[in-house]
Structure formats: structure tokens, C-alpha cells
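Grab a pencil and work through these exercises one at a time. Try each task yourself before you read its solution.

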Amino acid sequence: RASVVLVQADAVTLRRFEIRGAGTSYPRDHAAIKVEEHEGCVIEGNRLEDNFFGIYLARSGGCVVRGNRIRSNALREADSGNGIHLWDVERVQVTGNRISGHRDGIYLEFARGVILRENVSEENLRYGLHFMFSDDSFYQDNTFRRNGAGVAVMYSKNVIMTGNRFQENWGPAVYGLLLKDVQDSLVEGNLFRENSVALFVEGTDRVTFRMNQVERNGWAVRILGSAQDNHFTANNFIENTFDVTTNARRSENTFEGNYWSAYRGY
């Protein structure tokens, strides 16, 4: 079984299809809908069930992926693909999709100027969102719930993350949001609730964490000594088992003007 729909022209709209059964293939990455080297495509309102990859965009730009329902029943990471997979793309909008049961719900690599908004990515084997080498991107008002390891943003700069919900990502070495080697970015107005670790920060510089609600997690923040010049302000830390930990003897980061429910001073 191969990919089901191959888009081979610019400005194609694919709307309200039900697509099943794109087969497993490691060399070819079979998908329910696959777009390679085309511009301006719209993939909207489709229902994709039990496919290796759901929607796969490569070396494409100006596309819209909107309002799709993407579900699989993957049992092992090695035998599963991603719900929405973006590789070497630019100016892609991913909005209002619901993804579950894949390896990663949404995967970006070498993407530029991508907007992710109002998606729900839950109960995927690995990450709700996996984001690498993808600069100048924006994600807002998404929900990442009960995924294998939450959300990972790595090797990127100028990323804006606002109004998202990171919830119920539990387990050994599991976090709501991992930032690894991220620079000059903003994490603002997000909800981190009931994760093993709400925020894991490594090798990350000049990121502002502002006005986030961090409540009922195991660890609220684990920030390693390799992270420097990050600024935590106006966040609420509520009923976490532990608030902040680091492996460094001296912190090069700033915490000011936050609320700590565990604080017992004046």
C-alpha cells in the first residue's frame, strides 16, 4: 500500500475526503495526502484514519492545512509516522486540526514562517509537537495533552509560543515543554497543568517566560546550567511539588515578579 493522494500541481484544494490505509514504508514515507515541491495548496476538512503519515508536505510553500481530523492507532514509535509532517517548507498555516495516535502529532523540520494555531494534539506516542531547525515561527492557542513526552522545540530562534495548553504529560523524563538550543524567543500566557516537568530548559538563551500559569506539576521548571540570560517574570507557580531545579551552582537566569504559592515569607 502506497500513499493515497499525491498532489502534483500548485494551488490544489483537497476538501472533505475520507482517506484510509496509507501503508507503512520507511524509505518512501507513505501518507494519506502528500505534497512535494508545490505552492499554495489547501488541505481542509478531511478525515484521515489509520495511515502511516497523515499529511506530508515537503519542499513546499504557502499551503494551508486546516480543520482536518487525523487519527491512527500506532503501537510503536518505530512503526508509525507523524500526523502532520512539514519538511523544508515556508509560510505554511496549520490551524484547527485534531491529531491523535501517531508518532508525533505535528512535526516540523527546516520550516520557516510557520503558523500553528488552535490545533489539538493528544495521545500521540512521542511528541504532541516536535519542532527542529524552524526559525521565525509562531504557535498560539494549541492544546497538547497526554502525549508520550509533551512538546519539544529544538535548534530554533525567533519562536513565539502564546496561549497554548500543555496538560497531563506524565511519565519518567516527560515534560510539558522542552526547549533545547533555542534563542531569542517568547513563551507567554500558556497553561502548564499536571505534567511531570512543566518546563525543561537546556542550552537556551535570551528567552522570555512571561504570564504563564504553571500549576499542579511535578517540577515546574528544570533549567540546566547551559541555559543563560533567560527571564522569568509575572508567572504564577501554583501547587507544584517542586518549583525550580538546576544542575548549576550559580544561575545565569533571572526570576522576578513571579507568584509562588509555596512562598511563606511576608
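**Exercise 1: a residue in a loop**

Task: Leaving out residues up to four places away in sequence, find which residues Thr 241 touches.

Solution: Thr 241 touches Asn 217 and Gly 218, where contact means heavy atoms within 4.5 Å. A quick word on what you're looking at: this is a predicted model, in which local features need pLDDT of at least 70 and side-chain atom pairs count only at pLDDT 80 or more, while totals for chains, interfaces and linings use all residues. Residues are numbered from 1 along each chain as its sequence is written, and side-chain values use heavy atoms, with hydrogens and water left out.

Helices (H or I, at least four residues) and strands (E, at least two) are DSSP runs, numbered from the N terminus.

Now for accessibility. Buried means under 20% relative accessible area, exposed over 50%, and partly exposed in between (1.4 Å probe, protein chains only). Thr 241 has 58% relative accessibility, so it counts as exposed.

**Exercise 2: the whole protein**

Task: Work out how many helices and strands the protein has, then look at its overall dimensions.

Solution: Count first: there are zero helices and 32 strands. The C-alpha trace spans about 65 × 30 × 30 Å along its principal axes.

Then compare the radius of gyration, taken over C-alpha atoms, with the globule rule, which is 2.2 Å times the number of residues to the power 0.38. For 266 residues a compact globule would have a radius near 18 Å, and the protein's 19 Å agrees with that.

Finally, look at burial and surface. Of the 266 residues, 55% are buried. The protein exposes about 11800 Å², with carbon and sulfur atoms supplying 46% of it; accessible areas come from the Shrake-Rupley method with a 1.4 Å probe, and for residues only the protein chains shown count as cover.

**Exercise 3: strands side by side**

Task: In which sense do strand E17 (residues 137–140) and strand E20 (residues 159–162) pair?

Solution: E17 and E20 pair in the parallel sense over four bridges; two strands pair if DSSP finds at least two bridges between them. Within this pairing, Phe 138 stands opposite Ile 160 in E20.

Follow E20 onward and you reach strand E22 (residues 175–188), which pairs with E20 in the parallel sense over three bridges. Here Thr 162 stands opposite Glu 188 in E22.

**Exercise 4: charged partners**

Task: How many salt bridges does a search of the whole structure find?

Solution: The search finds 24. A salt bridge is a side-chain nitrogen of Lys or Arg within 4 Å of a carboxyl oxygen of Asp or Glu.

Zoom in on Arg 59. Its side chain meets that of Glu 36 in a salt bridge (3.6 Å, N to O). This pair links distant parts of the chain, 23 residues apart: Arg 59 is in the loop between strand E7 (53–58) and strand E8 (64–66), and Glu 36 is in strand E4 (residues 31–36).

Arg 59 also forms a salt bridge with Glu 37, their closest N and O atoms being 2.9 Å apart. Glu 37 is in the loop between E4 and strand E5 (42–44), 22 residues from Arg 59. For accessibility, Arg 59 is partly exposed at 34%, Glu 36 is partly exposed at 36%, and Glu 37 is exposed at 51%.
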